[in-house]
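Please read the points below with the sequence and the model open beside you. They are meant as a colleague's notes for someone new to reading structures.

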Amino acid sequence: MSRLSRIMQTRLERGIAPFGLTRLMWCVLTGVGDEGITNPSELADYIGITRPATSRLLKDMAAKGLVCRNGGSGDGRTIALSLSDSGQDVLTRARVAVDEMHRHFMTKLSPEMTAQFMHALDALSADEHERLTKL
């Protein structure tokens with residue numbers, strides 16, 4: 001599993017690098033842009049990294065003009081995340097490379113094998129809540 005993970009990770013990184021993205025940046029773009037996550041803590045949970053790591057990542061992405069960190073509603077201490085126009089554009093353009101990477105690997109499996117594989121991944125990751133400082 002470790003070897004396959006690294007192979008897939010390397011292919012993904014190679015595909016999104018031309019857009020100035022890392023894997024974690026891609027996770028932020030999809031979390032905010034596709035899943036509608038607007039809270040940094042929820043985004044940390046979605047990605048599976050610590051809140052301080054998420055904060056550093058968001059700061060970097062805001063400096064690059066990919067995400068907006070706006071004051072949320074309430075007492076002024078909350079932050080509401082959104083994608084900038086540039087972030088949405090990068091998400092759309094990079095998705096082509098990510099989809100191609102997925103297609104590359106998933107066409108190696110029959111539909112039945114894919115279902116079994118996904119089921120096995122779900123079983124292996126069930127009840128695991130480890131937060132990582134980096135991926």
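The numbered points below go from the overall fold to single residues.

1. What you see is a predicted model, in which local features need pLDDT of at least 70 and side-chain atom pairs count only at pLDDT 80 or more, whereas totals for chains, interfaces and linings use all residues. Residues are numbered from 1 along each chain as its sequence is written, and side-chain values use heavy atoms, with hydrogens and water left out.

2. The protein has six helices and two strands, and from the N terminus on these elements run in the order α-α-α-α-β-β-α-α. Helices (H or I, at least four residues) and strands (E, at least two) are DSSP runs, numbered from the N terminus. Along its principal axes, the C-alpha trace spans about 50 × 35 × 20 Å.

3. Of the 135 residues in the protein, 27% are buried, where buried means under 20% relative accessible area, exposed means over 50%, and partly exposed lies in between (1.4 Å probe, protein chains only). Among contacts (heavy atoms within 4.5 Å) between residues at least 6 apart in sequence, 52% join residues at least 24 apart.

4. Helix α5 covers residues 85-106, which is 22 residues, and reaches 31 Å from its first C-alpha to its last, close to the 32 Å expected at 1.5 Å a residue; the expected span is 1.5 Å times one less than the number of residues.

5. Which residues of α5 are buried? They are G87, V90, L91, A94, V98, M101 and F105, and what covers them includes α1 (2-16), α2 (23-33) and β2 (79-83).

6. Two packed helices are described by the angle between their axes and the distance between the axes. Helix α2 packs against helix α4 (residues 51-63) at an angle of about 80 degrees, with the axes 11 Å apart; here axes are lines fitted to C-alpha atoms, for helices over the stretch in contact, and angles run from 0 to 180 degrees between N-to-C directions. The two helices α2 and α4 are therefore roughly perpendicular to each other, a label given to angles of 65 to 115 degrees, while those under 35 count as roughly parallel, those over 145 as roughly antiparallel and the rest as oblique. In this packing, L24, M25, V28 and L29 of α2 meet L57, L58, D60 and M61 of α4.

7. P40 lies in helix α3 (residues 40-47) and is partly exposed, with a relative accessible area of 21%. Not counting residues up to four places away in sequence, P40 touches T54, L58, I79 and L81. The C-alpha atoms of P40 and S55 are separated by 7.3 Å, although these residues are 15 apart along the chain.

8. The structure holds zero disulfides, a disulfide being a pair of cysteine sulfur atoms within 2.5 Å.

9. One backbone detail deserves a look: phi of D127 is near 60 degrees, a positive value in a residue other than glycine. D127 is found in the segment after α6 (111-125) and is exposed, with a relative accessible area of 68%.
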